[in-house]
Amino acid sequence: MSHPTTPGATTPDDPHGIRASADNPGVLLVVFACVLGLALANIGISIQIGPTKFTLPLQLAIGSVQAGLVAYYFMHLRQGDKVVILTALSSLFWMGILFVLFMGDYMTRHLVVSS
């Protein structure tokens, strides 16, 4: 059994001490404000710039930053042990394979229809 990398005070409700070593509410509020600000930036890009070839990659990059912030602070990946971090990274790897195969099918679909 593995233990968290950051030891904290253990209680019967928190046997690994994760809650005791969690961030203070000020940091979490700042991160939450950043996530909301990025969401508003994403909406603003959609409204102000409109659909261009750079809009989708920019919005996907903003969404990736938001997901990273949520995973790092709110899902406690920062305090997780190596197994938890490896599980999170493997899920990203498998999701990347899914997107590559999906986009390969989507981008070559017109070749099958036209021939």
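This is a predicted model: local features need pLDDT of at least 70, side-chain atom pairs count only at pLDDT 80 or more; totals for chains, interfaces and linings use all residues.
How many salt bridges does the structure hold? The structure holds one, where a salt bridge is a side-chain nitrogen of Lys or Arg within 4 Å of a carboxyl oxygen of Asp or Glu. Residues are numbered from 1 along each chain as its sequence is written, and side-chain values use heavy atoms, with hydrogens and water left out.

The term pLDDT stands for the predictor's confidence in each residue, on a scale from 0 to 100. Its mean over the protein is 83, and 83% of the residues reach 70 or more. Residues 1-5 stay under 50 in pLDDT, and for this stretch the model has 13 contacts beyond four places in sequence, a contact being heavy atoms within 4.5 Å.

Looking at the whole chain, the reader will find four helices and zero strands, and from the N terminus on the elements run α-α-α-α. Helices (H or I, at least four residues) and strands (E, at least two) are DSSP runs, numbered from the N terminus. When contacts with a separation of 6 or more are considered, residues 24 or more positions apart account for 56% of them. The accessible surface comes to about 8800 Å², of which 75% belongs to carbon and sulfur atoms; such areas come from the Shrake-Rupley method with a 1.4 Å probe, and for residues only the protein chains shown count as cover. Of the 115 residues, 17% count as buried, where buried means under 20% relative accessible area, exposed means over 50%, and partly exposed lies in between (1.4 Å probe, protein chains only).

The UniProt record, an unreviewed entry, places the annotation "transmembrane region" on residues 27-50, 56-74 and 83-104; its positions are given in the numbering used here, feature names are shortened, and annotations may be inferred rather than shown by experiment. In the model, residues 27-50 are 92% helix and 0% strand, with the end C-alpha atoms 33 Å apart. Residues 83-104, in turn, are 100% helix and 0% strand, and their end C-alpha atoms lie 31 Å apart.

Q66 is found in helix α2, and it counts as buried because its relative accessible area is 14%. The side chain of Q66 reaches the backbone oxygen of V35 at 2.9 Å, which can be read alongside the cut-off for a polar contact: a pair of N or O atoms within 3.5 Å, where within protein one must be able to donate a hydrogen and the other to accept it, and residues adjacent in sequence count only if both atoms are side-chain atoms. Leaving aside neighbours within four places in sequence, Q66 is in contact with V35, L38 and A39. G37 lies in helix α1 (residues 25-48) and is partly exposed at 37% relative accessibility; although G37 and Q66 are 29 residues apart along the chain, their C-alpha atoms are separated by 9.7 Å.

T55 also belongs to helix α2, and this residue is buried because its relative accessible area is 7%. Its side chain is joined to the side chain of T52 by a polar contact of 2.8 Å. Apart from its neighbours within four places in sequence, T55 is in contact with I45, I49 and G50.

Most residues other than glycine have a negative phi, whereas H76 has a positive phi of about 60° although it is not a glycine. H76 counts as partly exposed because its relative accessible area is 34%.

D105 lies in helix α3 (residues 82-107), and R109 forms a salt bridge with D105, the closest N and O atoms being 2.5 Å apart. The side chains of D105 and R109 also make a polar contact, again at 2.5 Å. Is this pair buried or partly exposed? D105 is partly exposed because its relative accessibility is 38%, and R109 likewise counts as partly exposed because its value is 45%.
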